[in-house]
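Me: I would like to know what stands behind the terms used for this structure. Please set each value against its cut-off.

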Amino acid sequence: MARASVVGAGMTKFGVHDTPLQELFGEAAFEAFDDAGVGPDEVEALYFGNAMGGQTENVTHLGPQCASHVGLAGKPVQRFEDACATSANAFKNAVEAVESGRHDVVLAGGVERCTPETGKDTDEMTRIFASASHRQYEQPTGLTFPGVFALLTKRHMHEHGTTEEQLAHVAVKNHGHGSLNPKAHFGKETTVEEALDGPIVADPFRLMDCCPFSDGASAVVVVSDDLADSFDRPVDVTGVGHATDIVPLADKETPHVTKAARDAASEAYEQAGVSADDVDFAEVHDCFTGAEVLASEAVGLVEDGQGGVAAAEGRTRRDGDIPINASGGLKAKGHPIGATGVAQIVELAEQVRGEAGEHQLDGVSRGVAHNLGGDAATTVVSVMEARA
């Protein structure tokens with residue numbers, strides 16, 4: 001049974017934008033309105049994600065500013081901040097709002113700018129990103145997020161024998177996928193040899209193992225199950241799981257298993273009445289190539305220890321048996337923090353509708369989105385499928 005339905009979806013191209021945050025969000029929101037065939041007067045509330053506007057652009061209280069820009073002034077607005085899982089959390093709350101009957105039609109989305117267009121260079125933006133780590137135990141050591149996921153991946157390599165070449169296959173795959181997506185930050189293919197020849201960022205990650213800083217916005221119109229049939233091409237939300245794990249990293253019992261993702265996936269699958277074997281495709285949080293390996297195992301798409309092997313064997317390519325990140329993922333599509341989670345929902349909706357253009361997958365009707373925050377201590381997993 002559907003908890004809610006997505007009836008409209010929109011997103012900007014991810015990349016470099018010199019547009020103010022309100023206007024950038026408006027571009028995605030207006031596209032979602034047009035796709036749903038609704039106007040702002042029919043939307044009852046905004047569930048909005050922005051993680052770092054205060055730190056990067058001295059912009060806070062951004063929810064009402066964006067609501068005003070898209071014609072929702074006067075409507076309730078709730079802003080969410082959950083590191084990289086920011087707008088997935090906004091989406092979860094939007095689903096709960098229509099499921100509970102509090103609203104019938106709502107907008108969920110997010111916006112972020114992370115490139116030097118903000119006036120912050122890579123070093124400063126890396127420091128800002130690191131504010132999502134533990135203030136007392138991790139930040140004083142200089143730990144950055146490439147370092148966090150390098151530690152998780154090194155442990156996975158130790159336990160399962162995952163190799164740098166297998167990680168490079170993840171990068172090659174996602175850049176190949178991104179080359180087919182006109183809204184991706186990077187449209188350039190690469191090779192395993194080029195990936196392995198890149199400069200080291202944080203062992204075992206080289207440059208091509210890391211996603212870019214991106215600017216962008218995403219939005220979806222979410223309606224109650226009762227209203228969904230009155231819209232064209234609704235895509236049902238049948239499960240949304242949300243879980244957290246211990247922070248700091250050193251206190252996690254087995255950090256590389258990303259327990260929050262496993263708990264969130266179990267919750268989402270139980271709500272949807274399906275298992276991972278019933279999923280046709282996935283969008284997972286590949287902020288680093290190693291993160292995709294961990295995620296593909298945590299949500300049950302491949303067996304533990306087989307994430308790297310599956311990538312190297314081509315199983316997770318768009319023509320494989322379990323396509324992962326057909327959009328290019330964070331690695332090639334880009335990663336504007338507050339917009340990433342809902343952008344995954346946009347991708348699921350378009351794939352299920354058969355409207356993903358050149359990167360459309362064949363015969364898919366059910367997808368799963370995995371969006372994590374911080375050191376994977378927050379994860380939201382969503383299951384979406386064609387309306388029966």
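Predicted model: local features only at pLDDT ≥ 70, side-chain atom pairs only at ≥ 80, totals over all residues.

Me: Why is the pair of F30 and F33 called edge-to-face?

Reply: Rings of Phe, Tyr and Trp (its six-membered ring) pair if their centres lie within 6.5 Å; planes under 30 degrees apart count as stacked, over 60 as edge-to-face and the rest as tilted. The centres of F30 and F33 are 6.3 Å apart and their planes make 65 degrees, so the pair is edge-to-face. Both residues lie in helix α1 (residues 21-36), three residues apart, about one turn of the helix.

Me: What makes Y47 and F80 a stacked pair?

Reply: Their planes are 25 degrees apart and their centres 6.4 Å apart, so the pair is stacked. Y47 is in strand β2 and F80 in strand β3, 33 residues apart, and the pair links distant parts of the chain. Y47 is at 7% relative accessibility, so it counts as buried, and F80, with 11%, is buried as well.

Me: How many aromatic pairs are there by this rule, and which residues do ring pairs link into a cluster?

Reply: The count comes to six aromatic pairs. Ring pairs link F149, F205 and F288 into a cluster.

Me: How is the helix α14 defined, and what length is expected of it?

Reply: Helices (H or I, at least four residues) and strands (E, at least two) are DSSP runs, numbered from the N terminus. Helix α14 (residues 337-353) has 17 residues. The expected span of a helix is 1.5 Å times one less than its number of residues.

Me: What makes α14 largely enclosed?

Reply: Of the 17 residues of α14, 17 are buried, so the helix is largely enclosed by the rest of the structure. Helix α14 lies across several strands, including β1 (4-11), β7 (215-223) and β8 (235-244). Its direction runs at about 55 degrees to β7; axes are lines fitted to C-alpha atoms, for helices over the stretch in contact (heavy atoms within 4.5 Å), and angles run from 0 to 180 degrees between N-to-C directions.

Me: How do you know which strands stand at the edges of the sheet?

Reply: Two strands pair if DSSP finds at least two bridges between them. Nine strands form an open sheet with mixed pairing, in the order β3-β2-β4-β7-β1-β8-β11-β10-β9. β3 (77-80) and β9 (281-283) each have a single partner strand, so one side of each is left without a neighbour in the sheet.

Me: Why is β7 called largely enclosed?

Reply: Nine of the nine residues of β7 are buried, so the strand is largely enclosed by the rest of the structure. D215, A217, A219, V221 and V223 are buried on one side, and G216, S218, V220 and V222 on the other.

Me: What makes a nonpolar core, and which members of the largest one touch the most others?

Reply: A nonpolar core is a set of buried Ala, Val, Leu, Ile, Met, Phe, Trp, Tyr and Cys residues joined through side-chain atoms within 4.5 Å. The largest has 37 residues, of which V6, Y47, F91, V220, V222 and M384 touch the most other members. Its largest share, eight residues, comes from α14.

Terms used
Residues numbered from 1 in each chain as written. Heavy atoms only, no water. Buried < 20%, exposed > 50% of the residue type's maximum accessible area, 1.4 Å probe, protein only.
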